[in-house]
Amino acid sequence: MAEIVYPPVIAAARTLFRVLDIRFHMEGTEHVPRTGGAVLVSNHISYLDFIFAGFAALPSKRLVRFMAKQDVFDHRISGPLMRGMHHIPVDRGAGAGSYATALRTLKAGEVVGVFAEATISRSFTVKEIKNGAIRMAQATNVPVIPVALWGSQRLWTKGRPKKLLQRHVPLTILVGEPMHPKRGENVNDHVTDLHTRLSELVDRAQRTYPDVPQGVWWQPAHLGGTAPTPEEAAAMDAAEAQARAKQD
């Protein structure tokens, strides 16, 4: 693919993060293969996660093609950028097309990025995950690479005002060991394994994160923060989905 848009976008992001003194801590980036297809699966806590999950692949000199909802591609500003970076639009009413595009991308030796929770986790814990990432890996015989992000929710997340110019924010990116699901193996078993691996990575990122004040909104409830519990977050998500359905 001709990479006219992606490299300048990465360069601009890196410059901005240096100016803002975003304090990155990255581990395990060697697990991202330097060649060949792979499915990179990240937890989802921020509207900026595709940027930071993509950073996990940069040490391996890989560009990640993220699957993102169609609305992002329809936006007059983000749309041209997303198309220029060859990300993959997902129409939730016609998911087969985006799935087929992702398979072709993987077979072409690209890294495809997936947020398997589908939507941002308000509780900042790993929600139930979809099986698409495992099915894609099985169909194309490529590894699944789990990635945990922590800190990006402080910049911009659901239900909170943007703080994109906040300075000195620590940001953790942990890359786990690859999974190798094979055709014919039980998909649900691999989904359970992936959820466990992501949860363990996220928990480690949270527990090793520097300078956490007591009772902050961006810390999960089980670690002393005031974020909604997973049960409260699920109820909020359900109410939001119901309200959206009424509008449609």
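Is Glu240 buried, partly exposed or exposed? Glu240 is partly exposed, with a relative accessible area of 32%. The model discussed here is predicted. Across the whole structure, a search finds 11 salt bridges.

- Glu240 pairs with Arg244 in a salt bridge whose closest N and O atoms are 3.9 Å apart.
- Both of these residues, Glu240 and Arg244, belong to helix 8 and are four residues apart, about one turn of the helix.
- Arg244 is partly exposed, its relative accessible area being 41%.
- Through salt bridges that share partners, Arg122, Lys127, Lys158, Asp237, Glu240 and Arg244 are joined into one network.
- Within that network, Asp237 forms a salt bridge with Arg122, and the closest N and O atoms are 2.7 Å apart.

**The Arg65 and Glu110 pair**

- A salt bridge joins Arg65 to Glu110, with 3.2 Å between the closest N and O atoms.
- This pair links distant parts of the chain, 45 residues apart: Arg65 is in strand 3 (residues 64-69), and Glu110 is in the loop between helix 5 and strand 5 (111-114).
- Arg65 and Glu110 are both buried.

**Helix 5 against helix 6**

- Helix 5 (residues 95-107) and helix 6 (residues 132-140) have axes that come within 10 Å and cross at roughly 45 degrees.
- The two helices are therefore oblique to each other.
- The crossing of helix 5 and helix 6 is right-handed.
- On the helix 5 side, the contact is made by Tyr99, Ala102, Leu103, Leu106 and Lys107; on the helix 6 side, by Gly132, Arg135, Met136, Ala139 and Thr140.
- Of the residues in this contact, six are nonpolar, two are polar and two are charged.

- Ser42 is located in strand 2 (residues 38-42).
- With a relative accessible area of 1%, Ser42 is buried.
- Apart from neighbours within four places in sequence, the residues in contact with Ser42 are Ala53, Val114, Phe115, Ala116, Glu117, Val147, Leu149 and Leu198.

Technical notes
Residues numbered from 1 in each chain as written. Predicted model: local features only at pLDDT ≥ 70, side-chain atom pairs only at ≥ 80, totals over all residues. Heavy atoms only, no water. Axes fitted to C-alpha atoms, helices over the stretch in contact; angles between N-to-C directions. Parallel < 35°, antiparallel > 145°, perpendicular 65-115°, else oblique. Left-handed = near helix turned anticlockwise from the far one by under 90°. Contact = heavy atoms within 4.5 Å. Nonpolar A, V, L, I, M, F, W, Y, C, P; charged D, E, K, R; others polar. Buried < 20%, exposed > 50% of the residue type's maximum accessible area, 1.4 Å probe, protein only. Salt bridge = Lys/Arg side-chain N within 4 Å of Asp/Glu carboxyl O.
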